[in-house]
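My entries follow in the order in which I made them.

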Amino acid sequence: MRIALIALLFAVQAAFAAPETDYQAAIWHPLHFKPAIETATNEQCLACHQEILEKSVKSESPAGVKASEALAWYQTLSVYDGEQETFHRRHLVTPMAKELMNLKCNTCHEGHSSREEAPIPPTSTDAGFTLRKTVNPETTCLKCHGQMDYQQMGLPSPWAQSQPMFQSCMTCHVAIRTTRHQVNYLNAEAIEKAGQANSDSCYGCHGGRAWYRISYPYPRHAWPGMAATIPEWAKNRPTESAARFQLPKAAE
Ligand code: HEC
Ligand code: HEC
Ligand code: HEC
Ligand code: HEC
Ligand code: HEC
């Protein structure tokens, strides 16, 4: 009787306990690689990587500089809010991130090789490696952290100078390129609302936090009322967002 009970206990434990995963097995967990990463949910990744959403910014540097007083220039824009935060929290859980965006782990992480992380020997030509964390800055970060291409928009000067003249992005963008933000990692409606209230929130993703000197060549979606002729600069532009970001097509 006693033995049967113990056997039963073991059986129950085996059925319900998380499978034993050692460090090596975890590093090589199939979720890290294509194709599994393409359909991974945040919950699946966070089961092991909870630490990336933990608050871990120091309130003061070892030299005594207070985080609250060490603001970068973009943190002075009217849409920047709240205390200093970590990179992941800024993109996933802070109030602005949740309002305007819907980023997932696999929006940025497209799978990496734990074995081949950099070309050996090093080369100055593009060897197709995106290094350890395999986030491709040209197809992810640049979209929200590139320069505002004010010349192409016909503005006489950068936004900081021409804003007084035009007031708001909406002065033109109520009618121009109005088919926008229809992708699975943005909240299109909330973005329009925020932009109506304050152009800084448009500018935030289109030049206001530019980590790069170049601008992103956005796809150019057809919009109601657009001219039939395509300008020279736009001839090579895609007319749809990258496939992995498209929203499911509405049923006919
Ligand atoms: C079973 C646990 C587990 C799961 C599930 C998991 N990871 Fe990991 N991951 C690890 C471990 C362990 C490491 C190695 C950490 C280290 O060496 O510091 C790692 C490393 C990483 C790294 C760093 C790679 C490097 O070389 O520096 C990234 C990025 C990463 N994981 C992202 C993800 C994403 C995104 C998902 C979901 C698609 C995911 N992980 C799912 C356990 C897991
Ligand atoms: C906005 C793009 C983006 C999103 C969204 C994102 N990551 Fe990352 N992640 C990065 C970048 C870039 C790095 C590299 C940081 C570095 O080199 O220090 C990174 C690094 C990591 C690392 C390596 C450890 C570290 O902190 O550097 C892990 C693990 C990781 N991410 C897991 C995740 C998980 C899990 C999610 C979803 C809950 C996620 N990431 C969402 C861009 C992103
Ligand atoms: C979909 C748009 C989007 C993408 C893609 C994106 N970011 Fe951001 N990023 C933002 C927004 C919005 C903020 C500001 C959030 C705030 O102020 O609360 C931000 C803030 C930042 C910050 C400032 C963090 C701080 O607290 O000061 C850094 C650094 C950053 N992003 C780097 C990156 C990198 C690197 C990538 C690519 C791996 C990336 N971002 C991809 C929208 C994006
Ligand atoms: C004076 C009118 C005007 C103002 C003001 C203006 N834009 Fe534009 N914008 C344009 C025109 C014109 C285009 C190009 C339309 C086309 O594709 O033919 C454009 C294109 C864009 C594009 C796509 C660029 C590309 O390379 O495909 C983005 C993004 C954009 N504007 C954002 C903004 C933001 C954000 C603001 C405010 C900070 C703003 N615009 C203010 C007229 C304007
Ligand atoms: C959270 C970041 C974010 C904010 C805020 C934001 N954008 Fe964008 N915008 C993007 C991204 C990312 C794309 C590219 C999406 C894609 O690949 O289709 C884009 C694309 C565009 C385009 C190109 C449209 C096309 O033809 O596909 C225009 C124009 C534009 N944005 C204008 C604006 C205006 C105006 C606002 C304010 C109402 C604004 N954006 C606010 C991130 C943002």
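**Entry 1: helix 11**

I looked up helix 11 (residues 200–208) and found it mostly covered, with seven of its nine residues buried. Buried means under 20% relative accessible area, exposed over 50%, and partly exposed in between, with a 1.4 Å probe and protein chains only. Helices are DSSP runs (H or I, at least four residues), numbered from the N terminus.

I noted that this is a predicted model, where local features need pLDDT of at least 70, side-chain atom pairs count only at pLDDT 80 or more, and totals for chains, interfaces and linings use all residues. Residues are numbered from 1 along each chain as its sequence is written, chains are lettered from A and ligands numbered from 1 in the order in which they are written, and side-chain values use heavy atoms, with hydrogens and water left out.

I listed the buried residues of helix 11 as Asp200, Ser201, Cys202, Tyr203, Gly204, Gly207 and Gly208. They pack against helix 7 (141–145), helix 8 (159–166) and helix 10 (188–197), where contact means heavy atoms within 4.5 Å.

**Entry 2: the iron of ligand 4**

Which residues coordinate the iron atom of ligand 4? I found Met153 (SD) and His173 (NE2), at 2.0 to 2.3 Å. Donors are N, O and S atoms within 2.8 Å of the metal (3.2 Å for Na, K and Ca); water is not among the atoms, so sites may look incomplete. Met153 sits in the loop between helix 7 and helix 8, and His173 in helix 9 (residues 170–173), so the pair ties together parts that are 20 residues apart in sequence.

**Entry 3: the shell around ligand 4**

I looked up the 20 residues around ligand 4, of which Met153, Cys169, Cys172, His173 and Arg177 come nearest; a residue counts if one of its heavy atoms lies within 4 Å. Oxygen atoms of ligand 4 lie 2.9 Å from an N or O atom in the side chain of Gln152, and 2.8 Å from one in the side chain of Arg237. Helix 11 gives the largest share of this shell, three residues.

**Entry 4: ligand 3**

I found 18 residues around ligand 3, the closest being Tyr74, His91, Cys141, Cys144 and His145. An oxygen atom of ligand 3 is 2.3 Å from an N or O atom in the side chain of Tyr74. A nitrogen atom of ligand 3 is 2.7 Å from an N or O atom in the side chain of His145.

Notes
Helices (H or I, at least four residues) and strands (E, at least two) are DSSP runs, numbered from the N terminus. A polar contact is a pair of N or O atoms within 3.5 Å; within protein, one must be able to donate a hydrogen and the other to accept it, and residues adjacent in sequence count only if both atoms are side-chain atoms.
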